[in-house]
Amino acid sequence: MFLSFARIIKFSFQDIFRNIWLSLVTIIILILALFTVNMLLVVSVVGETAVGAVHDKIDINLYLKTDAKEEEILALKAKISELSEVKEVTYVSKEAALKNFTEKHKENQEILGALRELNINPLTPTMVIKPVNLDVFDNLINKLNAYDSEIIESRNFTNYKTLLGKINNITKKVTDAGLMLSSIFVFITMLVIYNSVRVAIYTHRRQISIMKLVGASNYFIQMPYLVSSIIYTLFGVLAIMVIFYPFLSLLQPYLETFFVGYNINLITYFYGNAFNIFGLQFLAAALINIVASLIAVRKYSRV
Amino acid sequence: MIRFYNVTKTYHKSGKALNKINLHIKPGEFVSIVGQSGTGKTTLVKTMIGEEGIDEGKIVVGGWDITNIRQREIPVLRRQIGVIFQDFKLLSKKTLFENVAFAMQVCGGSSGKIKKIVPHVMKIVGLERKVNDYPQEVSGGEQQRAAIARALVHRPKILLADEPTGNLDSLNANEIIELLLRINKFGTTVILVTHNREIVNNLKRRVLTIDNGTIISDQAVGKYIL
């Protein structure tokens with residue numbers, strides 16, 4: 001059994017190296033298909049991070065009058081906290097707001113200079129309200145709009161829902177395009193593998209006829225071609241691992257610039273999930289290639 | 001050893017290739033099957049090795065009813081029947097030794113067994129000094145000897161020779177027939193398909209004559225009658 005298996009592997013490598021150019025083309029097509037699939041994964045991770053980033057930023061600011069009394073503010077905070085749509089309410093006093101503002105613009109001397117010239121704290125105290133989730137956002141805004149309090153100076157209701165909708169829409173479109181591209185590559189890969197096996201069988205038709213003549217089993221005749229398709233897959237997946245990590249290293253600085261302040265590290269993600277990502281890709285690609293090879297072998301090995 | 005009971009085989013395009021063939025070849029016999037081209041000789045050989053199915057009748061080889069043989073059983077049958085052809089069917093990129101060893105390799109023979117058996121059969125066919133030569137470096141007769149050696153590695157009970165001398169000059173042809181007779185002496189049943197009148201007449205063995213898919217003559221010590 002082991003001997004037969006060893007010979008199958010040997011014949012399989014012989015097939016690959018005797019048709020080296022065809023084998024290389026097959027592996028390159030496989031790499032392209034896997035690259036598209038991995039790009040799809042990158043888009044998915046980036047999309048999730050973008051949506052997460054916007055989710056983090058979703059809050060509603062109620063600007064209060066500067067002369068609002070402490071007990072009035074605390075009473076308002078308590079009332080708002082009671083709303084079922086509210087997850088958290090934070091009160092930012094005038095002093096805290098000024099401190100935050102100064103910290104945020106510490107690099108900008110013009111702004112800080114203008115602030116010094118004013119000689120007073122122009123900022124108003126703020127009530128920062130976080131909704132439970134995005135679905136209650138509209139409802140909460142309606143309630144806050146209807147809420148009448150003398151200490152409310154103004155309201156800032158940025159429409160995050162539209163922004164998230166746009167991000168989700170872009171991510172979905174990119175994913176759809178990627179899926180279509182992946183499907184095309186998977187189909188091309190199947191065709192190329194099918195043809196590689198067909199050509200390999202054509203090249204070895206004399207050998208196959210002799211094998212049949214002397215009593216080789218169908219299993220022994222067909223297995224090398226199936227093993228070849230697994231070897232193509234293995235080379236393809238190893239190659240994509242070698243190619244994709246440097247590619248991620250190139251991409252990472254741009255993502256970090258874009259998502260400043262957010263933890264997005266594709267290299268860590270791909271390292272952490274390497275076994276799942278590339279293992280599953282290997283299994284899926286091997287399965288597809290075995291099916292393509294099996295069809296070709298069944299059809300053409302009757303010499 | 002081989003029995004055909006009312007075997008009929010029809011091809012869609014060319015009609016009946018075998019028509020109610022009844023045949024009994026006993027173990028250890030040397031039988032020549034003769035006939036013009038296209039009379040059904042090769043079809044007869046193909047049905048014996050399971051390469052072609054039949055439409056009617058029954059075929060038994062070595063006590064095994066192969067009439068409805070399954071695909072996965074064919075390799076087992078092929079290991080019991082050695083076959084040689086007019087075009088030798090050797091692999092040009094392998095030496096004669098490797099060609100013969102290949103038959104054992106693809107059937108799972110161990111390296112030790114290959115090293116023991118291959119030199120032995122190469123000696124039987126008289127090629128012990130040509131083991132490292134490639135097919136294109138030796139004569140047609142020697143190529144056919146290598147093909148015979150390959151057919152013998154599984155120690156078959158039957159050796160089927162389909163026009164083995166068709167590509168050879170008379171000297172080489174006679175040597176191949178001598179070799180087949182020697183193999184027959186060891187107890188192997190030999191079936192020779194040929195249309196070489198001289199060879200058949202010199203053999204003085206059983207001759208089956210086929211015409212239009214029918215056995216028209218079966219002589220114990222026969223002559224080429226067509």
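Two residues are in contact if their C-beta atoms, placed from the backbone, lie within 7 Å.

**First stop: the interface.** Select chains A and B together. Here 16 residues of chain B are in contact with 15 residues of chain A. On chain B, colour helix H2 (74–78) and helix H3 (96–105); each supplies at least two residues of the side that touches chain A. That side of chain B comprises 6 nonpolar, 5 polar and 5 charged residues.

**Second stop: chain B as a whole.** Chain B contains 7 helices and 10 strands. Of its 226 residues, 45% are buried. When contacts in chain B between residues at least 6 apart in sequence are considered, 67% of them join residues at least 24 apart.

To view the contact itself, display the side chains of B:Leu96, B:Asn99, B:Val100 and B:Ala103 in H3(B), which meet B:Ala146, B:Ala149 and B:Arg150 in H5(B). By class, this contact has 5 nonpolar, 1 polar and 1 charged residues.

The average for chain A is 84, and 96% of the residues score at least 70. Which elements of chain A have the lowest and the highest mean pLDDT? The lowest, 76, belongs to strand S4 (residues 152–156) of chain A, and the highest, 90, to helix H9 (residues 218–258) of chain A. Where pLDDT is low, the predicted coordinates should not be read in detail.

**Last stop: two helices of chain A.** Select H9(A) together with helix H1, residues 2–18 of chain A. The axes of H1(A) and H9(A) come within 8 Å and cross at roughly 60 degrees. The two helices are therefore oblique to each other, and their crossing is right-handed. In H1(A), display A:Ser4, A:Ile8, A:Ile9, A:Phe11, A:Ser12, A:Asp15 and A:Ile16. These residues meet A:Phe220, A:Met223, A:Pro224, A:Tyr225, A:Val227, A:Ser228 and A:Ile231 in H9(A). The residues of this contact divide into 10 nonpolar, 3 polar and 1 charged.

Methods: Residues are numbered from 1 along each chain as its sequence is written. Chains are lettered from A and ligands numbered from 1 in the order in which they are written. This is a predicted model: local features need pLDDT of at least 70, side-chain atom pairs count only at pLDDT 80 or more; totals for chains, interfaces and linings use all residues. Helices (H or I, at least four residues) and strands (E, at least two) are DSSP runs, numbered from the N terminus. Ala, Val, Leu, Ile, Met, Phe, Trp, Tyr, Cys and Pro count as nonpolar, Asp, Glu, Lys and Arg as charged, and the others, Gly among them, as polar. A residue is buried if 20 or more other C-beta atoms lie within 10 Å of its own, exposed if 12 or fewer, and partly exposed in between; C-beta atoms are placed from the backbone. pLDDT is the predictor's confidence in each residue, from 0 to 100. Axes are lines fitted to C-alpha atoms, for helices over the stretch in contact, and angles run from 0 to 180 degrees between N-to-C directions. Angles under 35 degrees count as roughly parallel, over 145 as roughly antiparallel, 65 to 115 as roughly perpendicular and the rest as oblique. A crossing is left-handed if the near helix is turned anticlockwise from the far one by less than a right angle, and right-handed if clockwise.
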